[in-house]
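Colleague: Hi! Could you walk me through this model while I have it open?

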Amino acid sequence: MREKIKVAFAHNNISHNTQGIMGGITEYMRNNADWQLIVWPDSSLESLEFLKRRGCKGAFVSVQTSTKAQQLLKLGIPVIALNTMQDMLNLPYISADSEWVSRTAFEYLAAKHFSHLGFFGLAQARWSRERLHHFSRFAAHAGHTVRVYECEQAAIADEIPFAKLWINMVLNEGQQELINWLRDLPKPTAILASCDILACYLSNVAREAGLAVPDDIAMLGVNDDQALCNLCDPPLSSIAFDFKKAGVEAAELMSRLISGQDEPQGQWIRIQPAYVKSRRSTDIFAIDDADVIAALKYIRQHAHKPLQVDDVAHAVCVSRRSLQMKFQKSLGRSVHDQIVLAHFEIAKALLIDTHLPIDEIAVRSGFHYTTNMRRVFKERTGLLPHKYRHAHRVC
């Protein structure tokens with residue numbers, strides 16, 4: 001029997017992100033049965049030397065600093081880096097596409113008519129700084145300024161857990177400065193936090209500052225760690241990633257590196273945003289018309305069932321014609337278009353997050369008939385629902 005190729009997955013903390021990447025690597029292994037994955041709960045150089053002696057021909061490793069990247073380039077087996085904070089030199093690495101993260105965030109918040117935007121991130125992390133740069137660029141192109149909470153960018157000398165970095169930031173900066181920053185923001189402001197844990201922390205600070213989320217401060221996170229997002233009060237909207245696809249691509253690269261078909265040249269395996277999972281932390285539109293706001297909330301609350309324009313007008317005690325005019329003036333679209341959009345957003349999430357049959361998703365998302373849902377998906381995405389599911393499934 002042919003001996004399997006041993007590949008290590010060395011990580012100090014298996015997080016939501018790494019679970020998704022591991023799912024992609026596992027899928028690759030199912031289709032390429034000559035691999036054996038060795039999961040190792042430590043990414044120290046000593047552990048990697050041990051795994052190499054044990055026969056591992058490659059390794060996926062949690063690497064944060066350029067110093068460690070330089071060491072791993074001399075390890076003698078191919079390494080692909082995860083959870084990077086600094087430049088990886090020639091070491092191949094997996095990381096989110098910050099430009100597309102920022103574009104997704106800006107377009108989502110712009111569709112809610114926010115003109116006041118903020119950013120809260122971790123200065124030490126390259127990916128956080130990149131997200132700020134691109135988010136500010138997209139905002140500036142639209143004529144907006146992003147208000148940033150400035151914190152000290154301390155150097156990272158050694159490998160340090162991400163949680164320790166942001167805790168140190170909180171302890172060193174102090175909470176009162178952050179409270180003052182939040183209170184000084186124009187209201188309402190939509191804030192992009194560079195990751196979910198920072199958004200959840202900021203949501204708690206906003207409450208301490210006497211501010212309401214989302215009425216005063218709307219909050220958008222990144223990663224869509226569902227357990228964490230649902231623990232926030234109110235639940236946190238967040239950008240979901242296609243971690244699984246990145247895991248498959250990383251495994252394919254690892255296979256080429258092990259076989260000698262490719263060499264380490266700093267290859268970047270991009271983790272692309274899949275969609276924004278909307279929750280209550282962004283359940284607001286930055287518009288002044290109370291009737292439109294009430295109608296939007298009603299549509300969202302009842303989007304899981306068939307809705308008619310007359311239903312919405314009756315619920316907010318406004319004539320159909322008047323409500324149509326208000327929607328065109330405030331949002332540039334009709335009430336019917338907004339209803340269809342709400343159905344569409346529910347259907348997208350169900351297609352990606354569940355294995356429910358297409359017909360049942362049509363019912364649960366308010367389209368009622370599968371033919372209606374198919375038509376809308378073809379118009380909006382160019383794909384039929386089952387093709388959309390295949391192209392965007394995260395796990």
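Modeller: Happy to. One term to begin with: contact, or touching, means heavy atoms within 4.5 Å. And please keep in mind that this is a predicted model.

Colleague: Got it. Let's start with Arg 131, then. Which residues does Arg 131 touch?

Modeller: Not counting residues up to four places away in sequence, Arg 131 touches Ala 96, Ser 98, Val 101, Ser 102, Phe 119, Ser 194, Val 222 and Phe 241.

Colleague: And where is the place of Arg 131?

Modeller: Arg 131 sits in helix α5, which covers residues 126–141.

Colleague: Is Arg 131 buried or exposed?

Modeller: Arg 131 is buried, yet it has no salt bridge. The nearest side chain of opposite charge belongs to Glu 130, 6.7 Å away.

Colleague: How many salt bridges does a search of the whole structure find?

Modeller: The search finds 15 salt bridges. One of them pairs the side chains of Arg 207 and Asp 233, at 2.6 Å from N to O. That pair links distant parts of the chain: Arg 207 is in helix α8 (residues 196–208), while Asp 233 is in the loop between α9 (226–231) and β10 (237–241), 26 residues apart.

Colleague: What about accessibility for Arg 207 and Asp 233?

Modeller: Arg 207 has 51% relative accessibility, so it counts as exposed. Asp 233 has a relative accessible area of 42% and is therefore partly exposed.

Colleague: Nice. Which side chain does Arg 320 meet in a salt bridge?

Modeller: Arg 320 meets Asp 310, with 3.1 Å from N to O. This pair also links distant parts of the chain, with Arg 320 in helix α13 (residues 320–331) and Asp 310 in helix α12 (residues 309–315), 10 residues apart. Arg 320 is partly exposed at 41% relative accessibility, and Asp 310 is partly exposed with a relative accessible area of 45%.

Colleague: And how are Lys 348 and Glu 345 placed in helix α14?

Modeller: They are three residues apart in helix α14 (residues 335–353), so about one helical turn separates Lys 348 and Glu 345. Their side chains meet in a salt bridge at 3.5 Å, N to O. Lys 348 counts as buried at 13% relative accessibility, whereas Glu 345 is partly exposed with a relative accessible area of 34%.

Colleague: Which residues are linked in a network of salt bridges?

Modeller: Asp 289, Asp 291 and Lys 326 are linked in such a network.

Colleague: Changing topic: at what angle do the axes of α1 and α10 cross?

Modeller: The axes of helix α1 (residues 16–31) and helix α10 (residues 243–259) cross at roughly 55° and come within 7 Å. The two helices are therefore oblique to each other. Their crossing is right-handed.

Colleague: Which residues in α1 and α10 meet?

Modeller: On the α1 side they include His 16, Gly 20, Gly 23, Gly 24 and Tyr 28. On the α10 side, Phe 243, Gly 247, Ala 251 and Ser 255 are among them.

Colleague: Now the backbone. Where are cis peptide bonds?

Modeller: One joins Lys 187 and Pro 188, with omega about -5°. Pro 188 is in the loop between α7 (175–184) and β8 (189–193). Another joins Val 213 and Pro 214, with omega about 10°, and Pro 214 lies in the loop between α8 and β9 (217–222).

Colleague: Last one: which residues have a positive phi although they are not glycine?

Modeller: Cys 317 has a phi of about 60° and His 368 has one of about 75°. Cys 317 is in the loop between α12 and α13 and counts as exposed at 70% relative accessibility. His 368 is in the loop between α15 (358–364) and α16 (370–381), and counts as partly exposed at 42%.

Colleague: Thanks, that helps!

Notes
Residues numbered from 1 in each chain as written. Predicted model: local features only at pLDDT ≥ 70, side-chain atom pairs only at ≥ 80, totals over all residues. Heavy atoms only, no water. Helix = DSSP H or I, 4+ residues; strand = E, 2+ residues; numbered from the N terminus. Buried < 20%, exposed > 50% of the residue type's maximum accessible area, 1.4 Å probe, protein only. Lys, Arg positive; Asp, Glu negative; His and termini not counted. Salt bridge = Lys/Arg side-chain N within 4 Å of Asp/Glu carboxyl O. Axes fitted to C-alpha atoms, helices over the stretch in contact; angles between N-to-C directions. Parallel < 35°, antiparallel > 145°, perpendicular 65-115°, else oblique. Left-handed = near helix turned anticlockwise from the far one by under 90°.
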